[in-house]
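Please look over the entry below.

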Protein chains: 4
Amino acid sequence: MSIKNKQDYLNSLKNQDIELYLFGEKVNDIINHPYIRPSINSAAMTYELAEKEEYRNLFIVESHLSGENINRFTHIHQSKEDLIKKVKMLRLLGQKTASCFQRCVGMDALNTLYSVTFEIDQEYRTDYHKRFLKFLDYVQQKNLMVDGAMTDPKGDRSLRPCEQKDPDMYLHIVKESSEGIIVRGAKAHQTGCVNSHEILVMPTLSLNEDEKDYAVSFAVPVITRGLIYIYGRQSSDTRRLEEGICGEIDRGNTYFGGQEVMVIFEDVFVPWERVFMCREYKYSTELVERFAGYHRQSYGGCKVGVGDVLIGAACLIAEYNGVEKASHIKDKIVEMINLNETIYSCGIACSFEGTRTPSGNYLVDLLLANVCKQNVTRFPYEISRIIQDIAGGKMVTLPSARDFKSPAVGSKLEKYLKGIESVPAENRIRILRFIENMTLGSGAVSYLTESMHGAGSPQAQRIMISRLTDLNYRKDLARQVAGIRDVKK
Amino acid sequence: MSIKNKQDYLNSLKNQDIELYLFGEKVNDIINHPYIRPSINSAAMTYELAEKEEYRNLFIVESHLSGENINRFTHIHQSKEDLIKKVKMLRLLGQKTASCFQRCVGMDALNTLYSVTFEIDQEYRTDYHKRFLKFLDYVQQKNLMVDGAMTDPKGDRSLRPCEQKDPDMYLHIVKESSEGIIVRGAKAHQTGCVNSHEILVMPTLSLNEDEKDYAVSFAVPVITRGLIYIYGRQSSDTRRLEEGICGEIDRGNTYFGGQEVMVIFEDVFVPWERVFMCREYKYSTELVERFAGYHRQSYGGCKVGVGDVLIGAACLIAEYNGVEKASHIKDKIVEMINLNETIYSCGIACSFEGTRTPSGNYLVDLLLANVCKQNVTRFPYEISRIIQDIAGGKMVTLPSARDFKSPAVGSKLEKYLKGIESVPAENRIRILRFIENMTLGSGAVSYLTESMHGAGSPQAQRIMISRLTDLNYRKDLARQVAGIRDVKK
Amino acid sequence: MSIKNKQDYLNSLKNQDIELYLFGEKVNDIINHPYIRPSINSAAMTYELAEKEEYRNLFIVESHLSGENINRFTHIHQSKEDLIKKVKMLRLLGQKTASCFQRCVGMDALNTLYSVTFEIDQEYRTDYHKRFLKFLDYVQQKNLMVDGAMTDPKGDRSLRPCEQKDPDMYLHIVKESSEGIIVRGAKAHQTGCVNSHEILVMPTLSLNEDEKDYAVSFAVPVITRGLIYIYGRQSSDTRRLEEGICGEIDRGNTYFGGQEVMVIFEDVFVPWERVFMCREYKYSTELVERFAGYHRQSYGGCKVGVGDVLIGAACLIAEYNGVEKASHIKDKIVEMINLNETIYSCGIACSFEGTRTPSGNYLVDLLLANVCKQNVTRFPYEISRIIQDIAGGKMVTLPSARDFKSPAVGSKLEKYLKGIESVPAENRIRILRFIENMTLGSGAVSYLTESMHGAGSPQAQRIMISRLTDLNYRKDLARQVAGIRDVKK
Amino acid sequence: MSIKNKQDYLNSLKNQDIELYLFGEKVNDIINHPYIRPSINSAAMTYELAEKEEYRNLFIVESHLSGENINRFTHIHQSKEDLIKKVKMLRLLGQKTASCFQRCVGMDALNTLYSVTFEIDQEYRTDYHKRFLKFLDYVQQKNLMVDGAMTDPKGDRSLRPCEQKDPDMYLHIVKESSEGIIVRGAKAHQTGCVNSHEILVMPTLSLNEDEKDYAVSFAVPVITRGLIYIYGRQSSDTRRLEEGICGEIDRGNTYFGGQEVMVIFEDVFVPWERVFMCREYKYSTELVERFAGYHRQSYGGCKVGVGDVLIGAACLIAEYNGVEKASHIKDKIVEMINLNETIYSCGIACSFEGTRTPSGNYLVDLLLANVCKQNVTRFPYEISRIIQDIAGGKMVTLPSARDFKSPAVGSKLEKYLKGIESVPAENRIRILRFIENMTLGSGAVSYLTESMHGAGSPQAQRIMISRLTDLNYRKDLARQVAGIRDVKK
């Protein structure tokens with residue numbers, strides 16, 4: 001039965017019986033675990049907002065497979081406009097959650113596999129695309145959340161997969177039969193994995209002929225046997241375990257959060273109908289570059305939305321402190337906007353410059369998508385620095401909410417933590433805790449570190465930028481204006 | 001007769017009898033004056049490339065007035081796609097000239113007046129729009145080059161126009177009759193003015209009721225009596241006067257250049273049919289903001305094109321020096337590309353997010369256009385710094401081309417100025433002189449200082465960014481995630 | 001009895017009976033409280049290293065009062081060399097603790113009061129300096145740790161102290177008698193306060209005549225009645241409460257940390273002999289500027305030391321990941337060093353350019369000290385961004401140490417979290433947790449936010465830089481080279 | 001006879017009969033050549049200021065050789081204080097000339113050779129130091145200006161000296177006899193060479209055994225036979241040839257300028273007494289690193305002085321424009337100061353941290369000197385960008401002074417180029433021309449490009465910074481705080 005709304009989504013996770021570890025212990029009830037719930041709330045927003053009439057235009061789209069209305073997170077981009085709407089939808093979700101809502105990796109993986117399976121089939125007369133379409137249709141019909149799993153642990157990064165002492169440092173095929181394949185390895189920092197329904201696995205780098213066994217892509221349900229999940233810690237994570245209103249205040253972001261999980265594949269069986277690439281190593285490059293491209297575009301939406309919340313928070317704390325009219329404060333807020341909208345512009349531009357692939361779906365302009373992400377590895381850090389400047393030192397010296405609510409010192413803190421007269425101290429504390437969360441706490445994991453490494457670390461983008469730019473054309477331009485007739489080499 | 005190509009354009013300027021001063025003397029033959037010719041060559045490119053089949057798609061467009069094919073520089077944007085194509089056309093022209101080709105101010109002014117005259121008429125039942133359409137049709141039919149004239153001298157910038165000791169520091173109406181108006185004042189740093197055919201004048205700031213006489217917009221032919229032109233100097237300008245191949249080499253940019261002129265209006269008469277705003281001061285804000293918006297978008301195209309040439313020049317000099325494979329050099333080139341494409345992304349994004357005005361034409365997204373220009377006030381400076389790094393010190397210590405070509409020391413310089421074996425010293429000198437021109441010479445006027453102040457200085461954009469951003473919406477976002485129920489003020 | 005070593009220091013705190021709240025509850029045993037102990041360990045380093053022969057040169061100095069050897073933290077700077085050695089001592093302590101060791105505020109306050117009390121006496125024939133010398137001698141003899149308390153809560157920052165609705169938003173005199181004064185108010189974010197022995201209070205801004213009651217400086221023992229302490233929370237703070245080796249690993253910085261406390265003065269009595277300024281409001285400016293100057297210099301030492309540890313951590317994780325030889329990694333480490341040593345250069349320069357005050361002690365060059373601190377509000381953020389880049393995404397997705405040490409998944413994590421072969425996964429986890437701590441956790445409070453706001457927020461330095469620079473001299477220089485003979489105004 | 005003052009210096013150059021080419025022609029009278037004279041005026045300042053009582057403390061110092069008072073430019077640093085005073089002297093000269101005064105290369109070369117010759121002798125029992133002392137004494141007695149010549153043309157930079165097709169791309173010994181040696185090659189971009197008295201040649205890179213012939217250092221008079229000089233062009237250079245007050249105005253910097261020359265050594269004979277290194281290739285590293293160190297320190301003085309003039313110019317133009325009180329303008333000036341004083345701090349710090357060499361003179365701290373220069377490759381560019389922002393667009397669109405002074409349009413320009421009422425238009429033009437000169441013209445060659453490449457390009461400093469930092473010490477610090485007991489490799 002299809003997931004129609006937030007409640008359906010929560011229900012769908014209730015029976016999610018998986019082997020998940022957190023703080024050394026197995027977790028049984030993931031949706032009611034306070035450590036995990038914020039990330040589920042964020043993901044749930046992708047279902048919740050889709051129900052609202054005002055956002056229908058962004059979230060609901062006609063499937064090119066079934067002709068039915070589906071959630072855009074399961075959609076295959078049919079036009080530039082689809083690419084643009086994706087960016088706008090992600091910005092909106094960033095605005096509403098101020099966190100990572102985890103569902104775009106799946107969308108990006110689906111769109112990547114769509115074109116890559118098509119092209120593999122063209123060359124090798126395989127039937128991956130047909131298999132994939134079946135899987136895709138299932139995802140669209142059920143409105144499932146899909147985890148796109150790419151990053152391997154990598155071990156010693158100076159070595160290729162085959163050179164590693166332990167061959168499992170990159171996920172690979174260990175056995176093949178008429179029913180399917182058996183794979184082993186792990187995928188690191190999987191965002192929103194335990195609250196997804198399916199995992200769509202892809203190789204993490206361009207592979208050579210002798211690395212064929214690593215050239216594998218497939219989908220398995222999250223509840224598949226042999227999958228072991230270990231939850232990642234985040235800065236200030238245990239505030240989620242602090243209860244009641246005090247926990248709510250000190251968390252900063254009251255309801256939402258992200259999630260990173262390591263998934264270990266212990267000889268997991270995948271039936272052939274779920275295998276979408278099997279040793280066609282030549283296509284690993286396309287697969288990696290396209291997924292990276294789509295995902296680098298994503299950051300041009302989601303992080304901008306989070307940036308919007310930070311700009312609002314900067315305005316609020318300035319107001320509460322009584323300095324909103326100071327010229328240097330206003331100027332700093334302009335700078336935050338400028339940086340944020342520059343990222344957005346990159347998100348829009350790489351979408352608009354997108355092109356149709358042979359399979360029919362639309363791919364972002366890879367150069368501009370890499371430029372987009374490269375800026376994302378910098379500007380959120382500066383935005384974060386500026387808001388720390390505006391917030392003032394109290395952000396990191398505030399007593400706990402338990403002190404604030406205590407009979408012993410509560411009233412004293414109400415007195416001394418007040419800013420402008422018209423605003424209660426608690427509001428000021430809340431916005432400061434939010435800024436703390438976003439710049440130092442678990443929100444910073446998503447807004448900063450994920451901006452750095454998600455969809456590939458900065459150097460990965462630089463390599464792509466170099467590769468995707470036609471330098472010979474530019475050299476010719478320079479020769480022309482400088483009047484050089486070169487002795488060509 | 002319509003201007004069809006470069007030669008027509010040159011011919012059209014032959015009889016341009018204007019009162020132009022340069023180095024204290026009156027210039028008679030502007031098109032053959034070596035100081036002025038490079039700027040004419042740049043402007044001519046807007047005619048020349050339009051003839052080429054490969055660029056037709058960018059340059060030739062159907063007039064919504066006449067239905068005939070016209071040059072895009074005279075076109076009124078009918079769609080987002082028109083806005084996008086404008087940016088791409090400007091990038092191409094930047095690539096081909098590595099300079100300012102001067103014709104976009106007119107295009108931006110035409111599009112501004114198109115919507116503003118329409119709206120003034122709506123409110124005041126005037127007939128400015130009809131007058132303007134007639135002028136527009138004339139410009140389109142003849143394929144004229146129009147100078148958009150906005151910036152007044154401003155005198156003491158802490159004072160409003162009426163507060164200035166000399167009321168002429170801002171151009172204003174001094175007399176009005178049944179035939180038309182008489183205006184006095186000046187317009188500073190007019191780009192490509194003496195090689196235009198028409199000057200389209202606009203006020204330079206938002207005006208109040210007591211500043212009505214300054215709220216004036218009109219068009220006059222460049223050859224109008226009472227107009228006095230004084231040519232501006234640029235860094236390394238007199239190299240244009242150095243003759244032959246030596247001059248060509250030392251200029252750096254062999255054929256192209258920019259032009260800035262001060263135009264003084266000494267009681268110039270304007271007939272009513274050419275008056276497009278006359279004291280409707282309330283619309284001065286719209287007029288200024290829209291023109292600024294269009295023109296800030298323009299920089300997201302033209303400067304990117306110039307940036308492309310610089311990236312090519314950086315690759316060439318690295319190659320000639322033998323260091324093209326050094327990792328730090330490659331990384332610096334990536335950084336140049338990243339900065340350049342970020343500006344381009346802003347140019348694309350503010351175009352794509354453009355909207356239809358009541359008059360029917362399309363206006364860029366003003367927030368993103370301001371963000372675009374704000375980045376242009378920074379990134380070209382960093383690109384320029386990087387290429388100076390890559391070029392090496394020789395860029396500023398090279399002997400003159402006359403030394404290089406002299407019998408006395410020419411062969412010695414050929415020996416000692418050589419880089420890699422396969423490239424003659426002259427090529428290396430040429431590319432270094434080009435980089436010198438672009439970062440320190442007259443090219444830098446256009447690539448750097450104009451990027452700073454053209455279409456408004458940085459602070460002007462910051463004020464607009466602040467004004468155009470909905471901060472209350474963002475405050476609400478922050479309140480929601482932080483759980484704040486604010487006591488509204 | 002004088003405190004001779006770390007153990008003496010710990011003993012001295014054992015009987016520290018104060019009213020301290022943490023998480024809404026009163027804390028009884030501060031030195032054994034795991035939340036507080038890391039900050040005590042850091043402060044203890046100022047005693048511990050002083051015992052070591054190799055550091056004696058930095059830590060032990062002859063008192064100009066008694067002629068005896070004292071700890072530099074209680075010393076009055078007698079020369080430029082003393083100022084320089086202070087910077088070097090702080091850098092060393094930063095290297096050894098990677099945190100704030102909290103004792104420099106006291107040293108900076110002592111040096112400030114030394115000269116200011118002298119100058120007040122000169123003008124008003126008071127005897128503050130004599131009182132202060134007695135207090136100073138006591139501190140030197142006992143080798144006490146002194147908290148310098150400056151920052152008031154400030155309430156609505158657009159209002160002066162007297163304009164606040166609640167007059168207590170700035171600490172002030174509420175009563176005066178022959179025995180002494182009674183004060184009320186609070187001091188916010190007091191660094192290392194509950195493990196100090198004395199609190200030395202100063203006003204937080206330049207005061208006017210009608211704000212006389214706020215112009216007050218004095219010292220009271222930490223254990224004084226009427227003082228209420230409320231401990232501030234920090235990012236990831238509760239990891240300190242996680243026990244055993246798992247807690248040790250996940251804390252990142254195994255033993256050390258900072259501390260910020262709000263201190264409320266509930267009608268606290270101060271005997272005259274401990275009052276060092278009482279309504280001489282004119283000297284509030286000198287007092288604030290000098291303390292700020294000394295403390296802005298301090299950051300040119302301590303944060304550089306922390307930066308050194310981060311540079312080392314960057315090298316380690318690069319090595320463990322197998323990428324230490326990648327050119328982009330090496331370049332990023334160079335950038336970290338460059339930024340770090342630039343701060344250090346500012347610390348050295350403002351010390352060397354220090355001058356003798358009328359009282360005989362040495363004051364840093366205030367302009368350069370403000371420049372130093374201004375850079376500290378930026379460069380550590382960039383260093384932090386770079387190390388996050390080098391560290392890779394695992395820094396924020398690592399499972400807990402309890403998972404790593406668990407029978408269930410420990411061995412699997414050992415397998416998949418390994419980097420290069422020769423280094424156990426635990427070492428890699430430890431260095432990643434350290435980097436997490438320094439850039440997102442409680443270490444970031446000290447390394448980033450404190451760098452931003454400690455010793456005054458960025459704008460405070462900018463105001464001082466503007467005020468301390470002789471712009472007229474520079475204008476004259478410009479006039480001379482440009483050949484301007486100005487009509488002087 | 002010793003040079004005592006500016007006039008003596010000018011006289012000393014009158015008979016300087018050298019083979020100098022400029023614009024393809026031989027120059028006969030260098031001191032009266034308007035193209036060259038500005039650079040001579042700048043260098044003359046090193047004599048002129050030394051006469052003034054107020055600067056005596058910086059300029060006049062006791063020779064450790066003769067005990068007599070000498071000009072510091074010929075002095076061997078005997079203490080840290082000497083190193084500091086050097087920086088202050090250079091800052092002052094930068095303030096007075098706003099250009100490169102060219103004499104520090106010689107001072108830096110003298111101090112380098114002083115210690116290196118001493119150390120070569122220690123190892124090889126040669127007598128270079130004695131020879132050098134004789135030369136040094138001569139320079140001190142006569143108060144000569146010495147050109148330090150290091151940079152070779154280098155040809156293909158991917159090849160070592162011996163690998164170049166043309167062995168002369170690096171200067172080398174071609175013959176040796178009992179009288180001396182004969183050398184061939186060239187030195188590129190020699191600053192202040194034709195108005196020096198002596199050229200002190202050094203190798204430009206670390207050399208290996210098979211490159212012995214390139215390991216040569218010596219001094220020859222500028223008038224030596226076989227030396228050919230070719231003058232380098234600079235941006236806007238020919239404005240120096242424009243005459244009278246118009247030339248003075250349009251030059252921007254009225255009297256001063258820099259100079260870069262290529263010197264070709266056509267089989268030049270050097271007598272043994274003037275040879276200071278001959279094939280002791282092992283010491284080429286020390287020689288290069290020390291010279292670079294001293295010279296990178298120099299930039300921490302001279303460019304700061306130039307920065308001071310630019311700060312003054314920014315204040316003046318803001319005042320003339322009527323915007324001096326705008327908060328964004330004031331903030332930008334603060335930023336200029338902050339950047340400028342940061343460089344100065346690096347200059348001071350690397351001096352103060354200097355150490356005594358075995359020969360007895362003082363060497364700067366090489367790490368900090370490299371950090372100093374690294375910042376110089378960035379901050380002046382940002383200062384230049386900011387002042388272009390403050391100056392406004394008129395800086396690059398101003399008509400020529402000949403227009404301004406012309407009967408035809410002079411009065412019109414006086415009217416329209418005026419800023420605030422109290423200041424004549426000419427003053428505003430002058431300061432704008434000065435800013436143009438410093439950011440785009442010949443002043444920019446010195447303030448920007450020379451800041452980039454002088455004393456080594458940015459990458460050269462980065463390599464040194466990496467080499468000079470003890471990363472193992474820093475790794476140990478990180479291990480300690482993170483609790484890592486490493487398996488040492």
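In what order do the six strands of the open sheet in chain C stand? The order is E2-E1-E10-E11-E7-E6, with mixed pairing.

This is a predicted model, in which local features need pLDDT of at least 70, side-chain atom pairs count only at pLDDT 80 or more, and totals for chains, interfaces and linings use all residues. Residues are numbered from 1 along each chain as its sequence is written, chains are lettered from A and ligands numbered from 1 in the order in which they are written, and side-chain values use heavy atoms, without hydrogens and water.

Strands (E, at least two residues) and helices (H or I, at least four) are DSSP runs numbered from the N terminus; two strands pair if DSSP finds at least two bridges between them. Strands E2 and E6 of chain C each have a single partner strand, so one side of each has no neighbour in the sheet. Strand E1 of chain C runs parallel to strand E10 of chain C, and three bridges join them. Within this pair, C:Leu20 stands opposite C:Tyr229.

| Strand of chain C | Residues |
|---|---|
| E2 | 25–27 |
| E6 | 172–176 |
| E1 | 19–22 |
| E10 | 227–231 |

Helix H8 (residues 284–321) and helix H14 (residues 425–439) of chain C pack at about 145°, their axes 10 Å apart. Axes are lines fitted to C-alpha atoms, for helices over the stretch in contact, and angles run from 0 to 180 degrees between N-to-C directions. Contact means heavy atoms within 4.5 Å. Among the contact residues are C:Leu310 of H8(C) and C:Ile431 of H14(C).
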